[in-house]
Amino acid sequence: PKYIVFFSHGMHLLGSHPIVLYNRLIALRNIITQFKKQSPKTLFIYRGINYARGNFNNLYAVSPNIFSYFMREMTFKIFGNPYLEDTKNDDERYPVKIFDTFGSSFSAFDTMSAGNVHPPGALRTGIEHTFVSFVDYLS
């Protein structure tokens, strides 16, 4: 199968009303549903957001954790909650699979003094390895 991975752009929309992100995700879901009619074996994976709690002394781009959590819940509502629903096997109802990175990012940023809003190298490597396992699991 072909794999198409798209990343969350939610943090870049924090200055906008939440309906902007919601409408974009709905539009993506609808387009993907149409695309999958032509190419049903294509696997679409939505990679969740990296979370940075923010340290007002070290970071200029900070966000409260509730925004990240809210965006995560919004994607679960639109694409299906992989923890509560059988998103792996029901491709008709759940054409997009979610690779949720919120937990690992949350715990890392919650225990470090970040000087950057992006995850450190070790966490990125861990997410990459987990992603490969996730694709194997879906295949």
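What volume does the second largest pocket have? About 200 Å³. Let me set the ground rules before the details.

This is a predicted model: local features need pLDDT of at least 70, side-chain atom pairs count only at pLDDT 80 or more, and totals for chains, interfaces and linings use all residues. Residues are numbered from 1 along each chain as its sequence is written, and side-chain values use heavy atoms, with hydrogens and water left out.

On a 1 Å grid over the protein atoms alone, a pocket is an open set of points with protein on both sides within 12 Å along at least five of seven lines. A cavity is a set of points where a 1.4 Å probe fits but cannot get out. Lining residues have an atom within 4 Å of a point. Grid points are joined across faces, edges and corners, and a volume is the space filled by probe spheres set on the points.

Back to the second largest pocket, at about 200 Å³. It is lined by 13 residues, and Pro82, Tyr83, Ile98, Phe134 and Tyr137 are the closest to its centre. Strand 3 (96–99) and helix 4 (121–138) are the elements that each give two or more residues to this lining. Helices here are DSSP runs (H or I, at least four residues), strands likewise (E, at least two), numbered from the N terminus. By type, the pocket lining has seven nonpolar residues, one polar and five charged. Nonpolar means Ala, Val, Leu, Ile, Met, Phe, Trp, Tyr, Cys and Pro; charged means Asp, Glu, Lys and Arg; the others, Gly among them, are polar.

Next, the cavity. The count is one cavity of 30 Å³ or more. The largest cavity has a volume of about 80 Å³. Its lining includes Tyr46, Arg72, Ile98 and Asp100. Helix 2 (residues 65–79) gives the most to that lining, with four residues.

Arg72 and Asp100 bring us to salt bridges. A salt bridge is a side-chain nitrogen of Lys or Arg within 4 Å of a carboxyl oxygen of Asp or Glu. The whole structure has four. Asp100 and Arg72 meet in one, at 2.7 Å, N to O. Asp100 lies in the loop between strand 3 and helix 3 (102–110) and Arg72 in helix 2, so the pair ties together parts that are 28 residues apart in sequence. Both residues are buried. Buried means under 20% relative accessible area, exposed over 50%, partly exposed in between (1.4 Å probe, protein chains only). Arg72 also bridges to Glu73, at 4.0 Å, N to O. Glu73 is partly exposed, at 29%.

Which residue forms a salt bridge with Lys36, with the closest N and O atoms 3.0 Å apart? Asp91. Lys36 lies in helix 1 (residues 18–38) and Asp91 in the loop between helix 2 and strand 3, so this pair ties together parts that are 55 residues apart in sequence. Lys36 is buried at 9% relative accessibility. Asp91 is partly exposed at 29%. Lys97 joins Lys36 and Asp91 in a network of salt bridges.

Last stop, the surface. Ile66, Phe67 and Tyr69 make a nonpolar patch of about 290 Å². Patch residues have over 30% relative accessible area and no salt bridge; like charges are joined within 9 Å, nonpolar side chains (Val, Leu, Ile, Met, Phe, Trp, Tyr) within 5 Å. Areas come from the Shrake-Rupley method with a 1.4 Å probe; for residues, only the protein chains shown count as cover. Tyr69 sits in helix 2. At 39% relative accessibility, Tyr69 is partly exposed.
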